[in-house]
Amino acid sequence: MSGLRSAKHFINDVQNPVQVSLTAAARGADGLRVLSKEQGHEPAHTGYVGEGMLDVVVAGNIFASPSASQILAGVKSVDACRGILMIVKNYTGDKLNFGLAAIKARALGLNVEVVMVGDDVSVANNPTVGRRGLAGVVFVHKIAGALAAKGADLSSVATIANKTANQMATAAVSLDRCSVPKRAPIELLPPDEVEFGMGIHNEPGVTRSKLQSLEVTVTTLLNTILAPKPDSWHPTMEQPVAVMVNNLGGLSPLEISIIAEEVHQQLEMRSIIVKRFMFGTFVTALDGPGFSVTLLGLDDELLSLLDAPTTAPGWPKSILTVPADVVTAVIEQSSTEVTPILSHTGPKVAKTIIQKIFDNVASTTREDEPLITEYDTLAGDGDCGETLLNGVNGNLPQILSDLSFLTQPAGLVELSDDLQTDSIDLAHMFRQIAIVAETKMGGTSGAIYAIFTNAVAEALESIDLDANSNKQSISEIISITLSKGLEDLFKFTTAREGHRTLMDTLIPFVTTFSNTGQDFDAAFEAARQGCEKTKVMEALLGRASYVGKGRFEENGGIPDPGALGVLSILRGIKLALENVVKG
């Protein structure tokens with residue numbers, strides 16, 4: 001069942017949304033004016049009015065061509081002594097209305113040329129109607145505008161615009177259709193499908209296929225663009241290109257940037273020479289959850305005009321492309337390495353026990369992650385489970401690898417008679433865990449885990465077993481250092497028990513472990529009860545504090561996801577220790 005896409009919009013009661021949008025655009029640009037009686041597609045090209053690009057944009061109603069009279073009014077609004085170039089996307093309504101306006105303008109003695117842009121190579125070229133115009137039209141705006149700004153005559157500007165339009169190729173893909181204000185809900189695409197060959201007016205795509213990885217999706221799109229066609233331009237490995245990755249309106253900046261990087265990498269792998277690269281929101285289909293890719297064949301003239309300055313706000317400030325080896329060098333240079341202290345003689349634990357703990361923690365957190373994510377989706381931003389797994393899944397085995405140089409005799413302190421000669425320095429281990437928490441988890445919880453484990457490591461490093469005449473047990477040492485970690489953590493966060501955070505699980509565990517003579521079972525039970533209490537607590541800190549209290553009371557309450565995450569880790573440790581005893 002595909003269902004219906006919501007028709008909810010904040011602007012459903014606005015009588016003339018296009019005019020209001022144009023007015024807002026004019027307020028943000030000095031010298032820009034709106035002809036209030038002569039405006040009408042979503043104002044897709046408003047951002048390209050400025051020195052070095054367009055002088056006038058004529059907007060029709062949403063997904064509709066402006067009328068010939070509106071176009072003529074736009075033409076007459078400027079002093080075009082050298083003539084007028086109309087840049088028109090190849091759609092029937094646009095061709096007819098701009099054509100009629102051009103005829104009327106010529107009758108008034110104006111010098112007018114018309115350039116049609118049809119860059120959509122995802123549809124078979126119909127000689128009768130040609131190809132649709134998509135985001136590639138922005139390249140035509142930029143190059144023609146740059147040449148006009150140099151003082152070229154109309155014929156030269158029209159020639160360069162046609163040249164640009166004739167060596168471009170665009171194809172699009174979308175997860176769904178867009179939602180148009182004031183229109184009824186539309187049928188959604190099935191959740192596991194995408195549509196290739198989308199236009200910019202909510203029209204259906206050319207083909208549907210199963211939603212696959214980003215790599216496969218981009219490959220499919222680029223195959224369409226790069227395939228040789230007898231009736232349109234296609235790039236070769238010899239000709240450099242400019243690339244535009246265009247957000248159809250509904251993708252987040254994060255998503256479109258990741259898509260853009262995939263496009264860039266695949267073009268490099270195909271030995272396409274990418275001279276200029278830009279990504280962002282250039283020509284939308286309202287909130288269409290998709291993207292298009294445009295390739296423009298370059299020569300020295302086109303490249304120079306593409307780089308020419310413009311004041312148009314919709315054009316990116318820079319479209320230079322950075323070589324991959326430079327990016328890699330920057331990343332490598334910014335990375336930090338932690339040099340381990342090999343001479344430490346602090347407490348050590350059998351490597352086999354640490355391995356069991358890591359394995360069990362990985363298992364319990366993976367098992368609990370869906371529930372943690374579900375609760376965080378209801379009460380936060382939905383990333384708590386993923387953040388926890390980032391710190392556990394696939395990273396803890398790396399810690400063991402990083403600690404392999406520390407394998408040495410157990411020293412003076414042992415957990416049990418089962419400990420032989422293979423052991424790991426606990427201080428170094430907690431340092432490594434802190435690095436993982438800081439670099440792999442991020443966010444508030446990552447910082448809390450990192451501060452706590454770093455403080456524990458520091459406390460462990462202060463213990464020199466060779467000078468420790470009291471010969472404290474490993475449990476006593478861990479209890480002392482965990483308490484020290486909690487003490488340091490209190491310096492950096494105001495979160496305490498009762499604030500509905502992960503501290504509602506961590507604090508009772510650490511304090512009970514200390515107060516009961518290192519009884520892990522009792523400490524775990526205190527942590528479990530602390531987590532359970534968060535179901536009915538009012539959130540005082542974190543994102544959950546912005547959520548209404550009633551939300552937490554639904555279905556008997558929602559435990560704090562961070563508290564549940566700590567409990568999941570403790571459950572893994574508990575299972576590992578039980579297995580050690582049984583073994």
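## Report on a predicted protein chain

The secondary structure of the protein chain comprises 19 helices and 12 strands; helices (H or I, at least four residues) and strands (E, at least two) are DSSP runs, numbered from the N terminus. This is a predicted model, in which local features need pLDDT of at least 70 and side-chain atom pairs count only at pLDDT 80 or more, while totals for chains, interfaces and linings use all residues. Residues are numbered from 1 along each chain as its sequence is written, and side-chain values use heavy atoms, with hydrogens and water left out.

### The chain as a whole

Of the 583 residues in the protein chain, 49% are buried. Buried means under 20% relative accessible area, exposed over 50%, and partly exposed in between (1.4 Å probe, protein chains only). The accessible surface of the protein chain is about 28100 Å², and carbon and sulfur atoms account for 54% of this surface. Accessible areas come from the Shrake-Rupley method with a 1.4 Å probe; for residues, only the protein chains shown count as cover.

A disulfide is a covalent bond between the sulfur atoms of two cysteines. It is counted here as a pair of cysteine sulfur atoms within 2.5 Å, and by this rule there are 0 disulfides. Cysteine 384 counts as buried because its relative accessibility is 15%, and cysteine 531 counts as buried at 4%.

Helix H5 covers residues 154–165. Its 12 residues should span 16 Å at 1.5 Å a residue, which agrees with the 16 Å between its end C-alpha atoms. The expected span of a helix is 1.5 Å times one less than its number of residues.

The buried residues of H5 are Leu154, Val157, Ala158, Ile160, Ala161, Thr164 and Ala165. Seen down the axis of H5, the buried residues fall within an arc of 165 degrees, so they line one face of the helix; the arc is that of the directions from the helix axis to the C-beta atoms. These buried residues pack against several elements, including strand E2 (84–89), strand E3 (112–117), helix H4 (137–149) and strand E4 (168–174). Strand E10 (290–297) and helix H8 (300–306) are also among the partners of the buried residues of H5. Contact means heavy atoms within 4.5 Å.

Serine 174 lies in strand E4. It counts as buried because its relative accessibility is 3%. The side chain of serine 174 reaches the backbone oxygen of proline 289 at 3.4 Å. A polar contact is a pair of N or O atoms within 3.5 Å; within protein, one must be able to donate a hydrogen and the other to accept it, and residues adjacent in sequence count only if both atoms are side-chain atoms. Leaving aside residues up to four places away in sequence, serine 174 touches Leu189, Val194, Glu195, Met198, Pro289 and Gly290.

Alanine 80 belongs to the loop between helix H2 (68–76) and E2. Alanine 80 is partly exposed, with a relative accessible area of 24%. Alanine 80 and asparagine 111 are 31 residues apart in sequence, and their C-alpha atoms are 8.6 Å apart in space.

### Histidine 264

Histidine 264 is placed in helix H7 (residues 253–269). At 10% relative accessibility, histidine 264 counts as buried. Not counting residues up to four places away in sequence, histidine 264 touches Val274, Phe277 and Thr321.

| Helix | Number of residues | C-alpha span, end to end | Expected span |
|---|---|---|---|
| H15 | 16 residues | 22 Å | 22 Å |

In H15 (residues 474–489), the buried residues include Ile474, Ile477, Leu482, Leu486 and Leu489. The buried residues of H15 pack against strand E11 (348–350), helix H13 (426–441), helix H14 (443–461) and helix H16 (503–515).

H16 is mostly covered, with 10 of its 13 residues buried. Among them are Met503, Leu506, Ile507, Phe509, Val510 and Phe513.

Arginine 500 is found in the loop between H15 and H16. Its phi is near 60 degrees, a positive value in a residue other than glycine, and at 1% relative accessibility arginine 500 counts as buried. After H16 comes glycine 517, whose phi is positive, near 70 degrees. Glutamine 518 lies in the loop between H16 and helix H17 (520–533). Although it is not a glycine, glutamine 518 has a positive phi of about 65 degrees. Glutamine 518 counts as partly exposed at 22% relative accessibility.
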